[in-house]
Amino acid sequence: MEEHHGARVAQALALGLRAAIERKGWTVAELSRNSGVARFTISKALNGEAWPDLLTIANLEKALETDLWPGRQV
């Protein structure tokens, strides 16, 4: 069975999120404080257990000063 495009987008977003957190040198708790996004939500996104909504992604992108949405190229 072919992998679902949405799953690839979620995986790419999680990888990008993890990389952005590492570049900032932040913990999940620090990102939570700086973005207003709950630690639980960030952890679920990092572990691929939940797909964050657009407002959550926008808040994470603003705090991390980077784009997280991978676009169509995944």
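Start by selecting Thr 56: setting aside neighbours within four places in sequence, Thr 56 is in contact (heavy atoms within 4.5 Å) with Val 37 and Thr 41. You are looking at a predicted model, where local features need pLDDT of at least 70, side-chain atom pairs count only at pLDDT 80 or more, and totals for chains, interfaces and linings use all residues. Residues are numbered from 1 along each chain as its sequence is written, and side-chain values use heavy atoms, leaving out hydrogens and water.

Is Thr 56 buried or exposed? Thr 56 has a relative accessible area of 14%, so it counts as buried (under 20%, with exposed over 50% and partly exposed in between, using a 1.4 Å probe and protein chains only).

Next, colour helix α4, residues 54–64, which holds Thr 56. Helices here are DSSP runs of H or I with at least four residues, numbered from the N terminus.

Where do they meet? On the α2 side, select Leu 31, Asn 34 and Ser 35; on the α4 side, Asn 59, Leu 60, Ala 63 and Leu 64.

Finally, show Leu 17. Beyond residues up to four places away in sequence, Leu 17 touches Leu 31, Ile 42, Ala 45, Leu 46, Leu 60, Leu 64 and Leu 68.

Definitions and conventions: Helix = DSSP H or I, 4+ residues; strand = E, 2+ residues; numbered from the N terminus.
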